[in-house]
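Subject: Model for your files, with notes

Hello,

Please find the structure below. My notes come after it.

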Amino acid sequence: MVAGQLLYIVTSPQDVTDIYKNTKTLTFDEYIQDVMKSIGVSDDGITKLWSTPDKSDNLGGLHKALPHAGEDYYREQLLPGDRLDVLWQRVLGLIDSAIQWDQLPRTPSATTMDGVKTVSLLEWNRMVLLESVISAFFGPQLLQIDPQLLQHFAAFDEESWKLTYKYPRMISKDMYHAKDQLVAAVETWLNLPRDKRPDGAWLIQKLEMETSKLEMSTKDLAAMITSLVWV
């Protein structure tokens, strides 16, 4: 019993396997809903996300609620194949560009003196990887919308445990501010005409297309995408 909640700790590998296979009695749905709500998806958005489509309009041929169908979309984007190859080449190209000498320093605490550049390895890795992955998924427009987006993401990620433990906004202002900035930037990106953001990854475009069938608001979609990128 921890903080009034009963916790079960599974230590047997076979039991762990059985748990993951038992998707009917043991499910992550409530946890996923809780995460999405905490990021900002409305109750109406949650209801629409977990609605099972009619067979006549079943989300890309999958008669599943979108969060479950999304697992298949994730696999299609991230397992070996053409879609991953496109994404991976973007990431590698962006990392290669970021590590060029003339691109340093790239972190707030970096300094340059007498031709010597000093950077925090932790900060540098975080910023380079964040910038590369975010740009690979959204193209350059998201960072153009909010040039401080990487700092907001790092600040949110650093204190996101407060969100998990449901700290109230009044004592977690910095974390909630960073989270709100992320969602607002993604919402602004989604509101751009498609031809102004042509470099969105297949996964993002697929989720946008499927949520439009559910008539979800752009704000809810932005919060959902933010939760997926964070997790």
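Predicted model: local features only at pLDDT ≥ 70, side-chain atom pairs only at ≥ 80, totals over all residues.

Residues are numbered from 1 along each chain as its sequence is written, and side-chain values use heavy atoms, with hydrogens and water left out.

Overall layout

The protein chain has 12 helices and two strands. Helices (H or I, at least four residues) and strands (E, at least two) are DSSP runs, numbered from the N terminus. In sequence order the pattern is α-α-α-α-α-β-β-α-α-α-α-α-α-α. The C-alpha trace spans about 65 × 50 × 40 Å along its principal axes. Of the 231 residues in the protein chain, 36% count as buried. Buried here means under 20% relative accessible area, exposed means over 50%, and partly exposed lies in between (1.4 Å probe, protein chains only).

Helix H10

Helix H10 covers residues 173–191, 19 residues in total. From its first C-alpha to its last it reaches 27 Å, close to the 27 Å expected at 1.5 Å a residue; the expected span is 1.5 Å times one less than the number of residues. The buried residues in H10 are Met 175, Tyr 176, Ala 178, Lys 179, Leu 182, Val 183, Ala 185, Val 186, Trp 189 and Leu 190. As background, an α-helix has 3.6 residues a turn, so residues three or four places apart point the same way.

Aromatic rings

The whole structure contains four aromatic pairs. Rings of Phe, Tyr and Trp (its six-membered ring) pair if their centres lie within 6.5 Å; planes under 30 degrees apart count as stacked, over 60 as edge-to-face and the rest as tilted. Two of the pairs are described here.

One of them joins Tyr 73 and Trp 202, with ring centres 6.3 Å apart and planes at 85 degrees, so it is edge-to-face. Tyr 73 is in helix H4 (residues 66–78) and Trp 202 in helix H11 (residues 202–213), so the pair ties together parts that are 129 residues apart in sequence. Tyr 73 is buried, at 3% relative accessibility, whereas Trp 202 is partly exposed at 22%.

Another is formed by Phe 138 and Trp 189: the centres are 5.1 Å apart and the planes at 90 degrees, so this pair is edge-to-face. Phe 138 belongs to helix H6 (residues 121–138) and Trp 189 to H10, so parts 51 residues apart in sequence are tied together. Phe 138 and Trp 189 are both buried. Arg 197 lies over the face of Trp 189, 4.6 Å from the ring centre. A charge sits over a ring if NZ of Lys or CZ of Arg is within 6 Å of the ring centre and within 35 degrees of the ring normal.

The cavity

What lines the largest cavity? The lining consists of Ile 134, Phe 138, Leu 142, Leu 149, Phe 153, Leu 182, Val 186, Thr 226 and Val 229. The elements that give two or more residues to this lining are H6, helix H8 (149–159), H10 and helix H12 (218–230). By class, the lining has eight nonpolar residues, one polar and no charged. Ala, Val, Leu, Ile, Met, Phe, Trp, Tyr, Cys and Pro count as nonpolar, Asp, Glu, Lys and Arg as charged, and the others, Gly among them, as polar.

The structure holds one cavity of 30 Å³ or more, and the largest cavity contains about 80 Å³ of space. A cavity is a set of points on a 1 Å grid over the protein atoms alone where a 1.4 Å probe fits but cannot get out; lining residues have an atom within 4 Å of a point.

Single residues

Lys 166 has phi near 60 degrees, a positive value in a residue other than glycine. Lys 166 is in the loop between helix H9 (161–164) and H10, and is exposed at 52% relative accessible area. Glu 215, also not a glycine, has a positive phi of about 60 degrees. Glu 215 sits in the loop between H11 and H12 and is exposed at 63%.

Gly 93, in helix H5 (residues 82–98), is partly exposed at 38%. Gly 93 and Ala 136 are 43 residues apart in sequence and 9.4 Å apart in space, C-alpha to C-alpha.

Regards

Methods. 1 Å grid on protein atoms, 1.4 Å probe; cavity = no way out; pocket = protein on both sides within 12 Å on 5 of 7 lines; lining within 4 Å. Points joined across faces, edges and corners; volume = space filled by probe spheres on them.
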